[in-house]
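Subject: Structure handover and notes

Hello,

Please find the structure below, with my notes after it.

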Amino acid sequence: MKKIVYAAALLASLYSCKTTQNLSSKDQPIITTIDLVNVTDDKVKVSVDPAKITTEEISFFIPKTVPGTYSTDNYGRFIENFKAYDYDGNELTFTHQDDNTWTISNAKALDKVSYEVNDSYDIEGENDVFSPAGTNIDADKNFMLNLHGFVGYFSKLQEEPYRIEILRPDNLIAGTSLTPTTKDENPDDNFNTDIYTVGRYFEVTDHPIMYAKPDTTSFDVQGMKVLLDVYSPTGKFSAQDIKPGIEKMISAQKKFLGDINDTEKYAILLYLSDLQKKDARGFGALEHHTSTTVVLPETMQKAQLDESMKDVVSHEFFHIVTPLSVHSNEIHYFDYNDPKMSQHLWMYEGVTEYFANLFQINQGLISNQDFYDRMSEKIASSMNFDDTVPFTVMSENILTDEYKDSYYNVYQKGALIGMALDIRLRELSDGKMGILDLMKKLSKKYGKDKPFNDEDLIGDIVALTYPEIQSFFDQYVTGETPIPYNEFFAKVGLEEKSSMINTGYFLNGQVPYIDGDPASGELFFRKGIGFNTFLEKLGVEGGDIIKTVNGTEYTIKNVYGLITSSQSWEEGSDIEIVVDRDGEEITLTAKASQPQVEETSITEMELPADSPKVKLREAWLKN
């Protein structure tokens, strides 16, 4: 998952052995029907029909948590009118155990269950569901089917095949990396049926589908077909508008990866949100093995949209390396309703985020200094978190109250762990081996169908590389020692220098100075971070709740307007911000001036071109 900080929305897997058969027939898949034609009260009807059940009691689940997210979302909250039927059409009794669980008595008589699904996009605050993992129901216009929000599973039947039958209006087409098994055309009735078959429940949740009026394009990159489907409610953007930047980026990514992956098809599903109504507000993307869902505001300018797509999609695309090719049992046999996470988010998200930056310098898309600046920003952002917590401990406990607010650090320090490991490998191998080479070796050792044991990964990495790498992990990943970045930079002829740099009034790059409370809608200045020179002059304190800015009230709903208006403040103009500080309303005033912060930047040492450090740096960035 890649969350981005935007003007419109500011930052805010248990090992389970493969279960035994619970079916009398292994030949019949679990048949799910989703009706996108007969939508009533903004709800979609779903039925799930297993083969003959052989137990007296069985539970039906909608996921609590899904792979790629770091939150407990309880998708069962969006389910209504749940019913269980026997083979004569009579209702069976059941108990609703919790948000996500329905336990059915007399299960041997069970024919199917049915229910209605509400979507998350048009619910105020989206019930805290990250939009790219959420759902949309807009009859005859758009359906964002993150299938974990629509399709459930029966206890002990997660490994059974599924047949997904989707009744859809004939003016909408599916954007997905799935290939339909069959299509039933019914032109006289203005609807069609798409049928998809997958091998197990994980593959259901791993293949989102977006239905919309045709706005799609595709291109081929080194034997991989890339599909791009776009939903833009006002038609401001089209797939053809976005294609050039995406094609250039993914071509560079595939060249960077080389032979590490053989994905044949990859789908990018872009949903552009309408900020004038209740709609998606959590901007960013969510990875799947062969696709990604992206949600961004339609109000963006073309250059902003291109940059954001490059930021989020490049990250999600690299997930074809991990967890697709390299993943643990926690991921392979993901427990959607009692998840215990892997220790290795430093690899799943951290190395992925590192690759999303490294490939750009490797392929000449950005300069050396651009890359150094990005790493410097990550160091600064990571310092907002406890730098002594073992990353494996934080990772394994990321869903707990103690660590859930640390998920953002996965993209900061997690990427820096990848960078430091890359430099150390280059040093030990005299420039010949880096972290991409390591991931290729791990991919060959495991692959998409062979998960590793969580506790074995570090030992396997050491065996595939150098004994000294054990010390690296002991100190900086499983241990409490902060990474001495200056020591690693010195190995490749880099050093840190401090200087004043410009920022936005409310954003420092991708780091926001303000955040929002989804429940109340209030905006507030974040605690525990340093402010820019303007906010310091204004007298802002962490925790101040923003009431008005220059007389205009601001909440989460119109925060985009706050950011854009601040970008046009004239130097020397009067700025007035009214805040609530500990229950007291306070008026803060100052003259507008260019905000700045002191930043430590990474620069190249003045060294001869034939210096060993320069050669190692070239191997690190360009090899």
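**Arg281 and its loop**

R281 sits in the loop that runs between strand 19 (265–273) and strand 20 (284–288). Helices (H or I, at least four residues) and strands (E, at least two) are DSSP runs, numbered from the N terminus.

Before the rest, a word on the source. This is a predicted model, in which local features need pLDDT of at least 70 and side-chain atom pairs count only at pLDDT 80 or more, while totals for chains, interfaces and linings use all residues. Residues are numbered from 1 along each chain as its sequence is written, and side-chain values use heavy atoms, with hydrogens and water left out.

R281 counts as buried because its relative accessibility is 18%; buried means under 20% relative accessible area, exposed over 50%, and partly exposed in between (1.4 Å probe, protein chains only). The side chain of R281 reaches two backbone oxygens: that of L275 at 3.1 Å and that of K277 at 3.0 Å. These are polar contacts, meaning a pair of N or O atoms within 3.5 Å; within protein, one must be able to donate a hydrogen and the other to accept it, and residues adjacent in sequence count only if both atoms are side-chain atoms.

**The chain as a whole**

The chain has 15 helices and 31 strands. Its C-alpha atoms fill a box of roughly 80 × 65 × 45 Å, taken along the principal axes. For 623 residues, a compact globule would have a radius of gyration near 25 Å, and the chain agrees with this at 25 Å. The radius is taken over C-alpha atoms, and the globule rule is 2.2 Å times the number of residues to the power 0.38. Of the 623 residues, 58% count as buried.

**Helix 3**

H315 is buried, with a relative accessible area of 0%. The side chain of H315 is joined to the side chain of E349 by a polar contact of 2.9 Å.

S314 also lies in helix 3, and S314 counts as buried at 1% relative accessibility. The side chain of S314 reaches the backbone oxygen of K310 at 2.5 Å. Not counting residues up to four places away in sequence, S314 touches M249, Q253, M309, A356 and F359; contact means heavy atoms within 4.5 Å.

**Helix 6 against helix 15**

How do the axes of helix 6 and helix 15 cross, and at roughly what angle? The axes of helix 6 (residues 368–382) and helix 15 (residues 612–622) come within 12 Å and cross at roughly 80°. The two helices are therefore roughly perpendicular to each other. Axes here are lines fitted to C-alpha atoms, for helices over the stretch in contact, and angles run from 0 to 180 degrees between N-to-C directions. Angles under 35 degrees count as roughly parallel, over 145 as roughly antiparallel, 65 to 115 as roughly perpendicular and the rest as oblique.

From helix 6, N368, F371 and Y372 meet R617, W620, L621 and K622 of helix 15. The residues of this contact divide into four nonpolar, one polar and two charged. In that count, Ala, Val, Leu, Ile, Met, Phe, Trp, Tyr, Cys and Pro are nonpolar, Asp, Glu, Lys and Arg are charged, and the others, Gly among them, are polar.

**Other loop residues**

D41 lies in the loop between strand 2 (30–40) and strand 3 (43–49). D41 is exposed, with a relative accessible area of 64%, and its phi is near 55°, a positive value in a residue other than glycine.

K156, in the loop between strand 11 (153–154) and strand 12 (162–169), has a phi near 70°, again positive in a residue other than glycine. K156 is exposed, at 52% relative accessible area.

P214 is placed in the loop between strand 16 (209–212) and strand 17 (216–221). P214 is exposed, with a relative accessible area of 57%. Leaving aside neighbours within four places in sequence, P214 is in contact with N171 and I173.

F334 belongs to the loop between helix 4 (329–332) and helix 5 (345–362), and F334 counts as buried at 6% relative accessibility. F334 and T65 are 269 residues apart in sequence and 9.5 Å apart in space, C-alpha to C-alpha.

Regards
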